[in-house]
Amino acid sequence: MPIVIEHLNYVYMSGGPYETHALDDVSLTIEDGEFVGLIGHTGSGKSTLVQHLNGLLLPTSGTITVDGLNIADKATDRRAIRRKVGLVFQYPENQLFEETVEKDIAFGPKNLGLDDAEIARRVKGAMRKVALDYDALHERSVFELSGGQMRRVAIAGVLAMEPRTLVLDEPCAGLDPRGREEILGLIRDLHRDTGATIVMVSHSMDDVASLAERVIVMNHGRVAMDGAPREVFSRGAELRAIGLDVPQAVLLADKLRERGFDVPQGVYRVEEIKAVIEGIVGKGARAC
Amino acid sequence: MLNDITLGQYFPGDSPVHRMDPRMKLILTIAYIVGVFFIGNLPGYLLALAFLYIVVRISGISFKYLLKGVRPLRFIILFTFILNLFFVQGETPLIDIGFIHITREALRNAIFFALRLIFLVMGTSVLTLTTSPMQLTDGLERLLRPLQKIHFPAHELAMMMTIALRFIPTLLEETDKIQKAQMARGADFESGNLITRAKAMIPLLVPLFVSAFRRANELAMAMEARCYRGGDHRTRLRELKYTRLDVYGALATVVYIALIVVEGRLLG
Ligand SMILES: Nc1ncnc2c1ncn2[C@@H]1O[C@H](COP(=O)(O)OP(=O)(O)O)[C@@H](O)[C@H]1O
Ligand SMILES: [Mg+2]
């Protein structure tokens, strides 16, 4: 069942000197199995929005229903919602605390009250999904790992709860290009293999362009655009006006058009622009 | 939840109270609090309230906001109230049922003690709300400087306070984030008995300590990279200066203290 957000408002530190209206009348529906990219510059309210999806923050006004359950309802078991909607925070490696990798990943399933055999199965499954070698790593201390590995352990910790919706807040922040590719790759595989709903927050257009089936653009706590990537990325001037860029492929397509080449509208993926360029230079170039 | 703490928070502004010298504000706040502890009757507390109210009005902070700062301490205040109520000895019994003995003196004591605590919190809140942490520690360092003659580490103390104050919001924010991250993994910080609750803190405290130590390490390196060697021969960007405002503030406080003393003599 979908996640339905209606007229959501959220105010931080209401009444104080630093009162911030972080979300302003946000209405959205996230359907099952979608891959949503949520973009916006820093402070646009992305993190605040995603923390509502599993009831960590409750609306100042407006409603959110997950599987037909209103998260703000007193009768709603918020832990049940957190089992449906897994949230990976920004810099999730900061939340690691256990002695070993295995124990840390088992923290979530243990809180769900599962039995040992099921916990073990889930830990192994989650480590496989994030491409960590169980045999080599499960007894290692989390604090001995590399940055990229720690991040993957943290993601595995959420995956082990087997949520049907996975929300990732800037999963690639602070990683080198290779680490970024790895994380993006495993998110893509996860979506493809399990059909899970994915909401990925990012301020990198290229990350979103390479994965998302739907792009939501936030600006000053409001939804500025919402649609298919092809459609959103064709509105380059508007994106630039709110401090965002278009993906590199779109930039390149624009430049080529300026030079008089015939590039079809709506090109936004690296593979697409690659095909276009190959078309321009002719088949012979591919051999090089 | 963590947003409710107003004590120690700075409310930027440009009122006369904001512009006073932090040293003077520190001294006057201490005078005010000491004064409150000597008040012995209700009209006296009304005077204290009136004085505080006027200062708050001048500072442009809403009085409600100040009252909000007392809320987190309501249990401590209630606790001392009850403690005083039951354990202060007195002569005129008010209630005397079974093992409960409450005397008129005890009630009086309990009320006054609670009032003193409330005024203590509100008084210091006015100071911290109108003085930036930087100014506050600057003022404190200058006030304590004479003690350096007897090897009291005034500068070091002030520096430690500055750093602590600087990192309180950061640590609160971090606590909030880690707590939420663990809650997203199904952690429960709210239910269970004392032992399960204490255990539930481990997933919060370990990451918090790890990050606090990392931050401390980074800060130490950054300070060393900028050649920090302690207080000797350090010049400052902003020198503190007393102005006419400070004289007015001091006069107002002296008048207020005099009023309390006179009132105490007449009625107490
Ligand atoms: N814990 C908090 N307390 C107070 N204000 C906050 C807090 N978290 C975020 N904000 C404010 O809310 C706004 C939206 O922030 P956030 O949702 O973190 O944006 P983003 O994730 O898009 O960078 C910002 O103005 C930010 O300063
Ligand atoms: Mg964010």
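Guide: Buried area is the accessible area, found with a 1.4 Å probe, that two parts lose on being put together, summed over both. Residues are numbered from 1 along each chain as its sequence is written, while chains are lettered from A and ligands numbered from 1 in the order written. The model is predicted, local features need pLDDT of at least 70, side-chain atom pairs count only at pLDDT 80 or more, and totals for chains, interfaces and linings use all residues; side-chain values use heavy atoms, without hydrogens and water.

Visitor: What makes the area between chain B and chain A a buried one, and how much is there?

Guide: About 2,100 Å² is buried between chain B and chain A, and carbon and sulfur atoms give 61% of it. This value is called buried because it is accessible area lost when the two chains are put together. Lys180(B), Ala184(B) and Arg185(B) supply 35% of what chain B buries against chain A, more than any other three residues.

Visitor: How many residues are in contact between chain B and chain A?

Guide: On the chain B side there are 24 residues, and they are in contact with 26 residues of chain A. Contact here requires heavy atoms within 4.5 Å.

Visitor: Why is the pair of Asp104(A) and Arg185(B) called a salt bridge?

Guide: The term asks for a side-chain nitrogen of Lys or Arg within 4 Å of a carboxyl oxygen of Asp or Glu. The closest N and O atoms of Asp104(A) and Arg185(B) are 3.1 Å apart, so the pair meets the rule. In general, side chains of opposite charge can pair when their charged atoms come close.

Visitor: What makes Arg79(A) and Asp188(B) a salt bridge as well?

Guide: Their closest N and O atoms are 4.0 Å apart, and the pair is therefore counted, because the limit is "within 4 Å". The pair crosses between chains, from helix H2 (residues 78–84) of chain A to the loop between H8 and helix H9 (194–200) of chain B. Between chain B and chain A the count is two salt bridges, and over all chains it is 28.

Visitor: How many polar contacts join chain B and chain A, and which helices of chain B take part in the interface?

Guide: Five residue pairs, both residues at pLDDT 80 or more, are in polar contact between these chains. A polar contact is a pair of N or O atoms within 3.5 Å; within protein, one must be able to donate a hydrogen and the other to accept it, and residues adjacent in sequence count only if both atoms are side-chain atoms. Helix H4 (63–68), helix H8 (154–184) and helix H10 (202–225) of chain B each supply at least two residues of the side touching chain A. H8(B) gives the largest share, seven residues. Helices (H or I, at least four residues) and strands (E, at least two) are DSSP runs numbered from the N terminus.

Visitor: How many helices and strands does chain B have?

Guide: Chain B has 11 helices and two strands, and its C-alpha trace spans about 65 × 55 × 40 Å along its principal axes.

Visitor: What makes chain A a chain of domains, and where do they lie?

Guide: Chain A has domain 1 (3–244) and domain 2 (247–288), with bounds from an automatic or database domain assignment. Their centres, taken over C-alpha atoms, are 33 Å apart. Their contact takes 10 residues from domain 1 and nine from domain 2. About 790 Å² is buried between them, 52% of it from carbon and sulfur atoms. In domain 1, Asp206(A), Arg230(A) and Phe233(A) lose the most area, together 58% of what that side buries.

Visitor: How many salt bridges lie between the two domains?

Guide: The count is one. Arg230(A) forms a salt bridge with Glu272(A), their closest N and O atoms being 3.1 Å apart. Helix H8 (205–211) and helix H9 (229–233) of chain A each supply at least two residues of the domain 1 side, and H8(A) gives the largest share, five residues.
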